[in-house]
Amino acid sequence: MRQGLLILVASTFLLPGAAGQQASAQQPKAVFKVEGGVWCVAFSPDGKTLASANFLGSNKFMLWDVATGKGKPLADSHRGEILAVAFSPDGNTLAWSGDDSPYDHDVRLWDLRTNKRRPGSRGHAGCLWAVAFSPNGRFLASASDNGIVKLWDMARQQEWMSIQEQKADSASLAFSPDGKTLAATSNSTIDLREVTTGRHRAILRGHEPRVTSVAFHPGGRFLASGGTDTTVRLWELATGKTVRSFQNSSGSVYSVGFSPNGKLLASGSAGGQLTVWDVAQWKELCSLTGHTRTVHSVAFSPDGQLLASGSDDGTVRLWDVGALINVGR
C-alpha cells in the first residue's frame, strides 16, 4: 500500500511583542502528504501517535509516529469518507465515523493493542459528522447529519441514549472537562446537555447560518466555537453569552481547539488560514501559513508543544508552538 510522504523543514518563529516586529508565519516542523483532502486529525493521549483521515485514496486512515514521521495505513473496510476520529482516554481504542453510504452508518472502533476491529456502534441513519469520548472513557458520543446525537456506554457496548437536536446537521461534539456536559452543534446553535440525563442546560445562539466546531476550555468556564459567519467566538458558560468574538479575514472557520493548559486557542479556516490566539488577552499571536486550502481540523499534542492541522490541500502539518505559551507573560 502506498505510504504518506514525510517532509521535515526548519522551524523558526517571528513573534509579536518586540519593537517593530509583526506576528509572522512559522514553518511547519513536519508535513505529511496523503491522497485527498484531510478532514480530521487527533493525537493519542501519550502524544506519540497522530491519526489522520482523508476523503479519497486507498489509505484513508493513517497513523503517524510523531517522533519519526513514519506513517502506516489502518487496515479496515470503510468505503466512504472518514469525517471524524477520536482516541479513548486510555489510548487503547480508536473511534471514527463518516459517510459509508449506502453500506452502513456505524461508528467504527479499533483496538490498538490487538490491532483488530472491535464491535462498533450501530443505529444512526445519516452521515456521521462527529465522535467524541467522555474524559473518563465511559461514554462515546456520535452525531449525524439528521440531527441525531447518540451516547454509547462503552463498558456495556450498548446505546445509553439518543437525542434529537432542534435542527439537522450536527457537525461537532465536545465533552466538558468534568464530563458532565455535552456540547453539540445544530446548524446555527450550540446545544448544551447534561450527559447522564440528556436534559438541556443551555442553547447558545449567535453564529449564522452554521456552527462548524466547538471546544471546551480546559478550565471548564468557557467554550470556543467557529462558524460559517467567519467568526471565532468565546462563550461564558455560566451566562450563555459571547464574551469575545473575532472576525476571520479569510472566510468560514471550520475548526477550533484549546491547548491543554488553556493559554492558546487555534482556529482553522477557509483559504488555508491557521491562527493561534492568546486566550487571556484575546489577541492573535501567530498566523501559521503553508496550507493552501480549507483547514478542517486542528489538535494540540497532550504536552501542548505541537499543533497538528489537516487541510483540503492533502497535507497534515505539525507546528512547534511551545515557544508561544509564554509570549506576553
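How many bridges join strand 27 to strand 28? The two strands run antiparallel and are joined by 5 bridges; strands count as paired if DSSP finds at least two bridges between them. This is a predicted model, in which local features need pLDDT of at least 70 and side-chain atom pairs count only at pLDDT 80 or more, while totals for chains, interfaces and linings use all residues. Residues are numbered from 1 along each chain as its sequence is written, and side-chain values use heavy atoms, with hydrogens and water left out.

**Overall make-up**

- The protein has 0 helices and 29 strands; helices (H or I, at least four residues) and strands (E, at least two) are DSSP runs, numbered from the N terminus.
- Of the 329 residues in the protein, 57% are buried, where buried means under 20% relative accessible area, exposed over 50%, and partly exposed in between (1.4 Å probe, protein chains only).
- Among contacts with a separation of 6 or more, 42% are between residues 24 or more positions apart; contact means heavy atoms within 4.5 Å.

- Strand 27 and strand 28 form a hairpin with 5 residues between them, and G304 in the turn has a positive phi of about 75 degrees.
- Within this pairing, V298 stands opposite S309 of strand 28.
- Strand 28 also pairs with strand 29 (residues 315-320), in the antiparallel sense and over 5 bridges.
- W319 in strand 29 is the bridge partner of L307.
- The hairpin of strand 28 and strand 29 has 3 residues between the strands, and G314 in its turn has a positive phi of about 85 degrees.
- G322 lies in the segment after strand 29 and is buried, with a relative accessible area of 14%.
- Leaving aside neighbours within four places in sequence, G322 is in contact with G304 and Q305.
- G322 and Q305 are 17 residues apart along the chain, and their C-alpha atoms are separated by 4.2 Å.

**Nonpolar cores**

- A nonpolar core is a set of buried Ala, Val, Leu, Ile, Met, Phe, Trp, Tyr and Cys residues joined through side-chain atoms within 4.5 Å.
- The largest has 17 residues, of which A51, F61, L63, L74, V85, L94 and W96 touch the most other members.
- At least two residues of this core come from each of strand 3 (38-43), strand 4 (49-54), strand 5 (61-65), strand 7 (81-87) and strand 8 (93-99).
- Strand 7 gives the most to this core, with 4 residues.
- Another core lies apart from it and has 15 residues, among them V34, V66, L306 and A308.
- Beyond neighbours within four places in sequence, the contacts of F61 include A51, L74, V85, L94 and W96.

**Pockets**

- On a 1 Å grid over the protein atoms alone, a pocket is an open set of points where a 1.4 Å probe fits, with protein on both sides within 12 Å along at least five of seven lines; lining residues have an atom within 4 Å of a point.
- The largest pocket holds about 1600 Å³ of space, a volume being the space filled by probe spheres set on the points, which are joined across faces, edges and corners.
- It is lined by 50 residues, and those closest to its centre are L173, A174, A215, V298 and A299.
- Strands that each supply at least two residues of this lining include strand 3, strand 7 and strand 27 (295-300).
- By class, the lining of the largest pocket has 35 nonpolar, 14 polar and 1 charged residues, with Ala, Val, Leu, Ile, Met, Phe, Trp, Tyr, Cys and Pro counted as nonpolar, Asp, Glu, Lys and Arg as charged, and the others, Gly among them, as polar.
- The second largest pocket has a volume of about 250 Å³.
- Its lining has 14 residues, and T49, L63, K72, F87 and L112 are the closest to its centre.
- That lining divides into 4 nonpolar, 4 polar and 6 charged residues.
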